[in-house]
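Visitor: Please take a close look at the aromatic ring pairs in this chain. I would like to know where they sit and how they are described.

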Amino acid sequence: MIDPVTAAAGAAKAFAMVKGMVEAGKSVEDTMGQIASWYGHASDVMYAERRAQNVSPFRKVVFPKSVEAEAVKAFAAKKKIQAQQREIMMMIRYAYGDDGLQEFRAIKKQIVNERERTVYRQRELRDKFLAVIIALSGVVPIVFLIWIVIAKGGK
């Protein structure tokens, strides 16, 4: 799973670079690479926050404190990301106006949807596969033991 604290730290670093470049007189065009990096980290934070809300019942029972701690960290990171996003949107609006901001939002939405379909879907499938393997590694020995007991009991 994506660690929201690590993703938030990456986003904070990228955001600081964006602000530093703008304060140094660089144009928004020059800072777009850093903004793209920030959005990558921000996307990971938001994904981690959604995952923290949808925890499996197994994890809730086995690791209740861990689940609660993850949820709190993810929530705090989400709020920090939202504040940074507002500032970035203001920078883009100042540079390109309302039409440029609308165009930027449309492109961003398309990229976010694509990222969810690829990167996050792969992570979810890997997590589900791992859960099935763990479950099978517990069920197969039990079934084998039951089969041995039944086979020996019939003799």
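Guide: The chain has four helices and zero strands, in the order α-α-α-α along the sequence. Helices (H or I, at least four residues) and strands (E, at least two) are DSSP runs, numbered from the N terminus. This is a predicted model, in which local features need pLDDT of at least 70 and side-chain atom pairs count only at pLDDT 80 or more, while totals for chains, interfaces and linings use all residues. Residues are numbered from 1 along each chain as its sequence is written, and side-chain values use heavy atoms, with hydrogens and water left out.

Now to the rings. A pair of aromatic rings is described by the distance of the centres and the angle of the planes. Rings of Phe, Tyr and Trp (its six-membered ring) pair if their centres lie within 6.5 Å; planes under 30 degrees apart count as stacked, over 60 as edge-to-face and the rest as tilted. The count by this rule is three aromatic pairs. In one of them, the ring centres of tyrosine 39 and phenylalanine 104 are 5.7 Å apart and the planes stand at 55°, so the pair is tilted. Tyrosine 39 belongs to helix 2 (residues 28–53) and phenylalanine 104 to helix 4 (residues 64–153), so this pair links distant parts of the chain, 65 residues apart. Both tyrosine 39 and phenylalanine 104 are buried, where buried means under 20% relative accessible area, exposed over 50%, and partly exposed in between (1.4 Å probe, protein chains only). Ring pairs also join Trp38 with Tyr39 and Phe104 in a cluster. Of the chain's 155 residues, 25% count as buried.
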